[in-house]
Amino acid sequence: MKKILPPLIVFAGAFLGTLLLQKNSFVMQEYDGLFLLSGDYFSAMLRTPFPVSGIIGDFLTQFFRFGVYAPLIVAAGVCLAFLLVRSILGRFGLPGDLPAAALSCGLWVAVAFAPTARRGVAVVLILCLLWALSRLLPKRDARWPLPLWLNLAGTALLAAGAFLFIALNGTLQARERMAAVRVAAVNADWDRILSVATPARTATERELLPYAFLALGEKGRLGDELYRYPVRSRSDFDMSGLPEGYAHYFYNALLYGTLQGPNEAVHSAFQLATYQEHGQSFLVLRRLLADYYAMGNYALAKKYAAVLSRSTLHAQYVRHFTERMAAGTPREPDSVAFRKEVPLITRDPLSNLVKLGAGGINAPASLDRVLCSLLLDGDLDSFRTVLASARDRYPVLPRYYQEALAGGL
Amino acid sequence: MKKIAIAVCLLAAGCGRVHFAASDAVPEIFPDYVGVTVPETMAALSFEMADGRKLSYTSERVGDTLFFHVKAWKKGSKEGVAYAPFKVFLSKDEIPPYIAYRLIEPNYEGWRDMGIYARELASYKETAVVRNSANGRGCVNCHSFAGGDPGRMMFHARGAGGGTVFRDGEELRLLNLTTVGPKRQGTYPAWHPGGRYIAYSSNSTQQSFPIAGSQPVEVYDHFSDIILLDTQTDSVTTCPHLFGDAEMETFPAWSPDGEILYYCSAPQSEKVAANRGDIRYALKAIRFRDGAFEGEPWTVFASDSLSVSFPRVSGKWLLFTASAYGTFPIWHREADLWLLDLESGALRRVDELDSEDTESYHSWSPNGRWVVFSSRRLDGRYTRLFFAHFDGEGHFSKPFLLPQQDPQHNVLRLTSYNVPEFVDGDPGQLTDAVSKLFQP
């Protein structure tokens, strides 16, 4: 019983630390991850430097989407590392608790920083191998035994140290906030976004700003709160003008999804996948399934459903869509006449919003985004024109629209 | 295929307890191999019930025909159906042992991993000829083999320090076409049957994305010309009829004797994006002799409702892709294959090969008896390869999907097959060697 207390301390520390400090960061690992029982997945993984740890890591990462599983898995891995190290050292007659605590807490910190579970799994696998090899050696008598209180106090101190290191690390904190905002945006939890991406915080973490505006738009508060945030230009508002990359496409996929422009949402999702480790991910596959179902393209939606069904945890998600498709009717593809005339997307979100509107696609937030874009561009003439054409949409004119009309901006 | 003839395949346990009612109908299977004609040397056709039921089957060979006897039942059910046997016809017409193709996600602007792969047709073995890990994840594309010779090939490797990679036996070299002649990069290649010259189109290509509707991507050229590379001297020459501002020339293809270059051409448009729906490419040709084009080009086929891509000639037959407009038919679901008899001028849409969805790139086998073509008929997006037998009289057999060991592979693979080309042998694996060309 006494022997179980030190690893329990490490387990509890890693569990609470991951749950309280990094929950969203691990959800993002699932969003960016992929595990499929398919030939192409395994052949791609077998070409990587450490395929076994990669495959096991990908398998475990699937569970990170659901709240408590990532903390449990991290804590279990860290605890297993503790037990293995202690057992290996015990084979040589050495006291193992404190070295095991030091190594397992180090592993916990490393896992906290790692972008995927792969390295952590690799360490545990290597420890398993060393442990197995140590079993081949004769067991030595215990030397230099330490009192229990010292082992417990030392282990607790190391676990607390790891907890504090993670809690106080600015990089990890910022990463967790960004992850929290992205996870909330994927789940359309606009209040959660606004609780994290506050005006004060967005002054220093400017990548949060577009998400704050996305949430304000969906809440119908954009015109009242735009300038409460430290917005300098339209690129803060919609990421226009910023270099293309993961952040850009992650946001755009969400933005155009909420603005009911599925073509550009799918385009951005595909682009996002090219920045993810496998060139594809659970997040993108789920997005494609949902978007193509919504677009009435059942042939493609069924393909992505079939692909996702080769993962471990998507049975319910896939069933949700397959049942609806079985009861629904796919949309007929567009005619050549339509396709040759349809407007093309541009790099300018404002222009795209106008085109979507002209095509009859008017999400509730679209008008506010157009008006705020014009305000940020300083194009007050266009602002007045657009607002006049949609004046009946506002029983009470938002604060900053009033100020703009009064010449106060 | 011999394996099929003797195969007794029980794909699921438990069918022995099921009672099977006889049916006059043939089974609906995926992939649809009912009534197809396949080369004798083709890998075994693996299939499943299209509706997901369990199946077991046996096959027997009678002459040049395989008869498949299929039984199917729902999992857990004690009632099943024993279907009427369906036929697969075996052809003794030779087919090259390999095909090469590029695998790439049907993405928009970007990509991560892509590569040129070779597939042995007698088995399911697929090997990477070159992956884009060799050139820093740049694009590798437009592979071409001189007369199907696996030891003599070229492909473009884009990105920093990129260019066109030529392989001649063990020798690999990188040539940046933008540094020679008219300083234009090569795009679509056509290797002259004599092996010395390669005609390239040089395209300024742009992707665009419709803001709504079912077509996700449109691709068009702002301009394009045709250039000629002499692989012995690495010199690039042009011809006024194929290079200039008045026309956009693309998709070069040689006649089997190498005396005619076929290509597609459309008048230059100033606002290509806005006018994309009105740009149609005609099929043209020009004579070629002693390393130079000669005479005036002439129009082989032009239409105000069809735009021509990918002309490919075998004997007197010219197979091309036609879409309603534009120059990138893979994103046009109306794109179909058409067959032109160059002697009689007879033209027809090849209904036996075409589907409701896109048909695009295609290649003839050297003996003109087989064609491989890309189609998006499975799901509308992910291009898959289909083969069909040609009788030499203008008719194709029912096309069949490239066999895979697991039929679901066709569904689960998240990449498209581009530019299928027949190859006379295994091209080998070049990734490591190519990566050395890109080392500083």
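Reader: By what quantities is a pair of aromatic rings described?

Author: A pair of aromatic rings is characterised by how far apart the centres lie and by the angle between the planes. In this predicted model, the count over all chains is 46 aromatic pairs. Consider B:Trp254 and B:Phe288: the ring centres are 4.7 Å apart and the planes stand at 65°, so this pair is edge-to-face.

Reader: Where in chain B do B:Trp254 and B:Phe288 lie?

Author: B:Trp254 belongs to strand β21 (residues 247–254) and B:Phe288 to strand β23 (residues 282–289), so that distant parts of the chain, 34 residues apart, are linked by the pair. Both B:Trp254 and B:Phe288 are buried.

Reader: Why is the pair of B:Phe390 and B:Phe396 classed as tilted?

Author: Planes under 30 degrees apart would count as stacked and over 60 as edge-to-face. For B:Phe390 and B:Phe396 the planes are at 40°, with centres 4.6 Å apart, so the pair is tilted. B:Phe390 and B:Phe396 are likewise buried.

Reader: Which residues form an aromatic cluster in chain A?

Author: One such cluster consists of A:Phe35, A:Tyr41, A:Phe42, A:Phe59, A:Phe63, A:Phe66 and A:Tyr69.

Reader: Over which rings do the charged ends of A:Lys303 and B:Arg173 sit?

Author: The charged end of A:Lys303 is placed over the ring of B:Tyr382, 4.1 Å from its centre. That of B:Arg173 sits over the ring of B:Phe166, at 4.8 Å from the ring centre.

Reader: How many residues does the largest nonpolar core have, and which have the most contacts inside it?

Author: The largest nonpolar core has 99 residues, and those with the most contacts inside it are A:Ile193, A:Tyr211, A:Phe213, A:Tyr292, A:Tyr304 and A:Tyr401. Helix α22 (residues 364–377) of chain A contributes the most to this core, namely eight residues. Leaving aside residues up to four places away in sequence, A:Tyr211 touches several residues, including A:Met178, A:Ile193, A:Phe250 and A:Leu254. A second, separate core has 48 residues, among them B:Ile95, B:Val372, B:Leu402 and B:Tyr417.

Reader: How many disulfides are there over all chains?

Author: The count is zero. A:Cys105 is in no disulfide, and the nearest cysteine sulfur, in A:Cys79, is 11 Å away. A:Cys105 has 5% relative accessibility and therefore counts as buried.

Definitions and conventions
Residues are numbered from 1 along each chain as its sequence is written. Chains are lettered from A and ligands numbered from 1 in the order in which they are written. This is a predicted model: local features need pLDDT of at least 70, side-chain atom pairs count only at pLDDT 80 or more; totals for chains, interfaces and linings use all residues. Side-chain values use heavy atoms; hydrogens and water are left out. Rings of Phe, Tyr and Trp (its six-membered ring) pair if their centres lie within 6.5 Å; planes under 30 degrees apart count as stacked, over 60 as edge-to-face and the rest as tilted. Helices (H or I, at least four residues) and strands (E, at least two) are DSSP runs, numbered from the N terminus. Buried means under 20% relative accessible area, exposed over 50%, partly exposed in between (1.4 Å probe, protein chains only). A charge sits over a ring if NZ of Lys or CZ of Arg is within 6 Å of the ring centre and within 35 degrees of the ring normal. A nonpolar core is a set of buried Ala, Val, Leu, Ile, Met, Phe, Trp, Tyr and Cys residues joined through side-chain atoms within 4.5 Å. Contact means heavy atoms within 4.5 Å. A disulfide is a pair of cysteine sulfur atoms within 2.5 Å.
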